[in-house]
Amino acid sequence: MAVAAMRAAWGYDQPNEKISQQIKARMMSMPGLSKQQTPEDFRRAQAYKSDAFLSKVEVAEQRDLETLSAIAMEKMRAVAVDKMLDMTDALDEMAGTGYDKNVGTMDRQRFVSTLGVLFAGSLSQEDLKLFCIKYGCDGADPQEPDVQLKVDWKQFAIDFDNIPAPPDPVPDPRRMMKHLMELRAHAVQMRLDMSDAFEEYTGSLKERNSGTMAKNRFRATMGHLFAGKIDPSVLNEICREYGIGDPDPREGGFMRVRWKLFADTFDEVPPMPPPEPPDPTPEILEYMRGMNEYCNLHAIDLENDIEEYLGGKDACTSDLMPTGKFERAIGVLLGKASNSYPHESKMLNLISQCYAAGPKSRRNPLLSEQVQWREFAKDLRAVQPMPYLRSITGKVKLYPQAGEMAK
């Protein structure tokens, strides 16, 4: 039927007087035909090899069919990989029973509906018809002569599964590396393993095994893990770089995100550079001497007490803490009801500025978001000797220990 259609397109099924100028121009464009020859001359000259001519037409038609079907299959292959779809198994389930299933054929309508279910919205009517023409069998359809009644789905599935899967786009996180380093610092403080966290938030076993999840679920997971610490523009950029699957017509990018690849990349993000070493002013040093005397008098080991305030050695994973939390910790540890310390809010702000770390605070640009609390506690202990505290903590031996008198 395809050859008959080609004959009609070239005018072989019409009488001589009905040959159009369009057919003549098309013939003139062929190599080997001079401008003096008429279509009749051309037809007479080619009559003896009409069968060879038609075979060449069929070869060209078949070559175009192969090219177009290969392009359509490559597009479908990317969708099948994203859905973890095995075409042979999927079509085998929909092939029904009996003789047709055994020989690997099915009705054309069943084949079209099956692909429509498997690739909903990803296939056009032209692609479906192309597959029906290429893999058609069992005779022409009386209602649609250009296609056949059945389709060789087995051969279609074999050819489809043999197409190599297209490579996934390689993300380039260098543009947002600064933001990823900040998120990495927060994750270290929270002792957060990104792979384990995402596995807990995967909605199904398929998402866990494939390493991908819906974009809205990925956003919700990141928003929960880094509540208030991640910028929406950075989150959108992550979704674009690690996107996969169908295009998102509303927001751009893709409908799914490769969370596994993002988690592996996130774990390899280099740490933030260390903050600048503090340089206390004489005014701050004088205030720290007063705090040193107070801690020595009341046996307050500030470094150890701040660790306990943060939850103990197991929970305290960073030498940095939020500025507001640092000032509250100093107020709690040195401001007990039995021995309250006269704090000065101005001096606490100066200390926070001197031992600052991280980006500037949005509420108060003069302060940073975090403070180097451990560095401050060490400097406070070293600003002048603390003999009483050292004797209690066992770092200085004031009395001979058991067995030492005998020596």
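1. Ala 299 is partly exposed, with a relative accessible area of 32% (buried is under 20%, exposed over 50% and partly exposed in between, using a 1.4 Å probe and protein chains only). Ala 299 sits in the loop between H16 and helix H17 (302–309), and its phi is near 55 degrees, a positive value in a residue other than glycine. Most residues other than glycine have a negative phi.

2. A word on the basis: this is a predicted model, where local features need pLDDT of at least 70 and side-chain atom pairs count only at pLDDT 80 or more, while totals for chains, interfaces and linings use all residues. Residues are numbered from 1 along each chain as its sequence is written, and side-chain values use heavy atoms, leaving out hydrogens and water.

3. Asp 138 also deserves a look: its phi is near 70 degrees, again positive in a residue other than glycine. Asp 138 belongs to strand S2 (residues 136–140) and is partly exposed, at 49% relative accessible area.

4. Helix H16 (residues 282–297) packs against helix H20 (residues 373–382) at about 80 degrees, with axes 8 Å apart. That makes the pair roughly perpendicular (65 to 115 degrees). In contact (heavy atoms within 4.5 Å), Met 288, Met 291, Asn 292 and Cys 295 of H16 meet Phe 376, Asp 379, Leu 380 and Arg 381 of H20.

5. In helix H5 (residues 87–94), Met 87, Ala 90 and Leu 91 are buried. Seen down the axis of H5, these buried residues fall within an arc of 90 degrees, so they line one face of the helix. Just after H5, Gly 96 has a positive phi of about 80 degrees.

Technical notes
Helix = DSSP H or I, 4+ residues; strand = E, 2+ residues; numbered from the N terminus. Arc of directions from axis to C-beta. Axes fitted to C-alpha atoms, helices over the stretch in contact; angles between N-to-C directions. Parallel < 35°, antiparallel > 145°, perpendicular 65-115°, else oblique.
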